[in-house]
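Here's a walk through a two-chain model with a ligand. Have the viewer open as you read.

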Amino acid sequence: MAKVREVEASLVTEAVRGLFFKANVSIGQDVYNALVHARDRLEESPLGRSVLDQVLRNHDLARDGHVPLCQDTGMALVFIDLGQEVLLVGGGLAEAVDSGVEEAYREGFFRKSIVTDPLFDRRNTGTNTPAVLHTRIIPGDRVGLLVAPRGFGGENVSALRVLSPGQGPREVLEFVRDTVEAAGPEPCPPTLVGVGIGGTVEAAAIMAKRATLYPVGRRNPDRRYAELELRTLEVVNALGIGPAGLGGTVTCLDVHMDFAPAHVAGTPVVVNICCHAARHAAVTI
Amino acid sequence: MRHASRLVAPLDDEAVRPLRSGDRVLISGVILTALDEAHRRMTEYARENRALPFDLEGQVLCYLESSPTPPGRVCGPIGPVASGRMDPYTPLLLDLGLKGMIGRGRRSPEVIDSIVKNRALYFGAAGGAAVFLSGCVTRVESVAWPEMGPEAVFRMRVEDFPVVVLVDARGNDLYRDGPARYRGGGSPPSKEGLTGGP
Ligand code: SF4
């Protein structure tokens with residue numbers, strides 16, 4: 001029989017707790033550097049530069065004081081890559097994750113923003129749970145955890161369209177441009193834009209979400225998609241929306257695309273927007 | 001860019017008149033917070049001709065939400081919510097004497113018309129600068145409707161709270177004019193900026 005590695009559920013709880021602590025008070029160095037570069041080199045609007053400066057000073061204050069960098073500490077999004085040789089013991093996976101979220105949000109003085117029911121019973125759960133959990137089973141005996149507290153400025157203006165088979169890269173670019181333009185100041189620009197192309201509607205949505213979490217500057221390994229990313233970034237920044245939507249040349253820090261094989265009859269495209277408070281953290285157990 | 005001007009809240013016509021959309025302003029003094037639920041309540045009071053438990057005359061109302069207050073701090077991180085949520089209630093409040101609002105995001109044409117009619121200002125505070133903004137708050141006290149919890153009405157004493165005039169008393173809207181100024185412009189994405197990742 002193949003070897004299995006036992007992993008205590010409490011380890012998952014502990015890891016999730018730690019990751020949300022970290023993610024809520026500090027952004028990745030890639031986004032930080034991109035904001036610095038935008039302030040010092042790219043942004044032509046003086047007002048835009050002053051917004052970026054405020055945002056950067058805020059990042060330093062949040063990190064040093066261990067306080068959440070945005071008051072909207074978001075919905076807890078958790079991606080798990082579960083090695084198929086792992087045997088989780090001492091509790092269920094979803095429960096372990098939710099316990100970690102609950103502890104982090106309570107102990108960190110993070111805002112709890114989840115209501116029990118979207119339509120009929122908008123009561124706060126009081127714990128910021130349940131988390132939104134996406135699990136993949138992968139080879140090996142490791143557990144990969146990627147968490148992202150997601151504020152709703154960007155979610156509120158994200159969009160889905162299904163392209164017909166005759167449509168292509170140009171329509172994708174136009175869809176992204178139109179979505180960013182319609183969003184205007186609402187998602188707290190400069191943003192990170194994730195685009196999922198192909199598969200089914202929910203597969204495209206998950207690809208788009210994951211794409212928002214790629215490091216700034218990462219390009220799609222397929223040269224054609226990489227070029228489409230850069231072209232789209234250029235077109236989006238030419239909209240002039242700028243930092244906080246006050247007008248400027250940096251509306252978006254980067255556009256990331258991901259694609260999957262599609263049905264002959266249609267291509268779902270999801271555009272997911274993430275604000276400049278692009279918080280996430282990852283660890284492997 | 002003009003230097004940031006200083007304003008003391010509450011405001012009067014004199015203070016509002018010279019400001020133009022795009023101006024940076026540092027607000028000091030006393031401002032009120034109110035979100036959706038409080039707006040609904042204020043509207044009910046006005047419709048029933050009841051006096052509000054606080055005076056709106058000259059006030060600056062901010063649409064700020066916060067994370068819980070950690071021990072030893074005046075307030076948790078604070079930031080503006082999407083102001084559009086308050087649009088249906090706003091013209092009535094402006095008619096009642098409200099002079100300024102702080103939030104983020106676009107307002108309806110009705111709100112902009114009412115801002116002009118009542119010679120008021122709509123200010124923007126940056127989203128995602130919550131710790132920085134909370135550092136400008138020196139005192140928070142509950143004013144009305146404590147049963148609304150964090151959404152109750154609070155009076156906040158602020159010092160040099162940084163905002164930008166989004167809509168001025170002539171109806172100029174920075175969300176329209178700012179992007180128009182930079183549309184089509186902008187440098188091509190620089191290679192350097194795109195490889196800053198770790
Ligand atoms: S969109 Fe992002 S930065 Fe803006 S308020 Fe929401 S979480 Fe904060």
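A:His66 sits in the loop between helix 3 and strand 2 (75-83) of chain A. Helices (H or I, at least four residues) and strands (E, at least two) are DSSP runs, numbered from the N terminus. A:His66 has a positive phi of about 55° although it isn't a glycine. For context, most residues other than glycine have a negative phi, and most peptide bonds are trans.

There are also cis peptide bonds to look at. One runs from A:Thr129 to A:Pro130, with omega near 0°, and A:Pro130 is in the loop between helix 4 (93-107) and strand 4 (132-138) of chain A. Over in chain B, B:Ala9 and B:Pro10 are joined by a cis bond with omega about 0°; B:Pro10 belongs to the loop between strand 1 (5-9) and helix 1 (13-16) of that chain.

## Ground rules

This is a predicted model: local features need pLDDT of at least 70, side-chain atom pairs count only at pLDDT 80 or more, and totals for chains, interfaces and linings use all residues. Residues are numbered from 1 along each chain as its sequence is written, chains are lettered from A and ligands numbered from 1 in the order in which they are written, and side-chain values use heavy atoms, with hydrogens and water left out.

## The two chains

Chain A has eight helices and ten strands, and its C-alpha trace spans about 55 × 50 × 40 Å along the principal axes. With 285 residues, a compact globule would have a radius of gyration near 19 Å, and chain A agrees at 19 Å. That radius is taken over C-alpha atoms, and the globule rule is 2.2 Å times the number of residues to the power 0.38.

Chain B comes to six helices and nine strands. Its radius of gyration is 18 Å, close to the 16 Å that the globule rule gives for 198 residues, so chain B is as compact as a globular protein of that length. The C-alpha trace of chain B spans about 60 × 45 × 25 Å along its principal axes.

## Where A meets B

The contact (heavy atoms within 4.5 Å) takes 55 residues from chain A and 47 residues from chain B. Together the chains bury about 4100 Å², 61% of it on carbon and sulfur atoms; buried area is the accessible area (1.4 Å probe) that two parts lose on being put together, summed over both. A:Gln54, A:Gln71 and A:Phe109 supply 17% of the area that chain A buries against chain B, more than any other three residues.

The rule finds three salt bridges across this interface, where a salt bridge is a side-chain nitrogen of Lys or Arg within 4 Å of a carboxyl oxygen of Asp or Glu. B:Arg106 and A:Glu186 meet in a salt bridge through their side chains (3.7 Å, N to O).

## The ligand site

Who's around the ligand? The shell consists of A:Cys70, A:Asp72, A:Gly151, A:Gly153, A:Cys188, A:Cys275, A:Ala277, A:Arg279, B:Arg104 and B:Gly128, where a residue counts as near if one of its heavy atoms lies within 4 Å. Because residues from chains A and B surround the ligand, the site is shared between chains.

By class, the shell has four nonpolar, three polar and three charged residues. Here Ala, Val, Leu, Ile, Met, Phe, Trp, Tyr, Cys and Pro count as nonpolar, Asp, Glu, Lys and Arg as charged, and the others, Gly among them, as polar.
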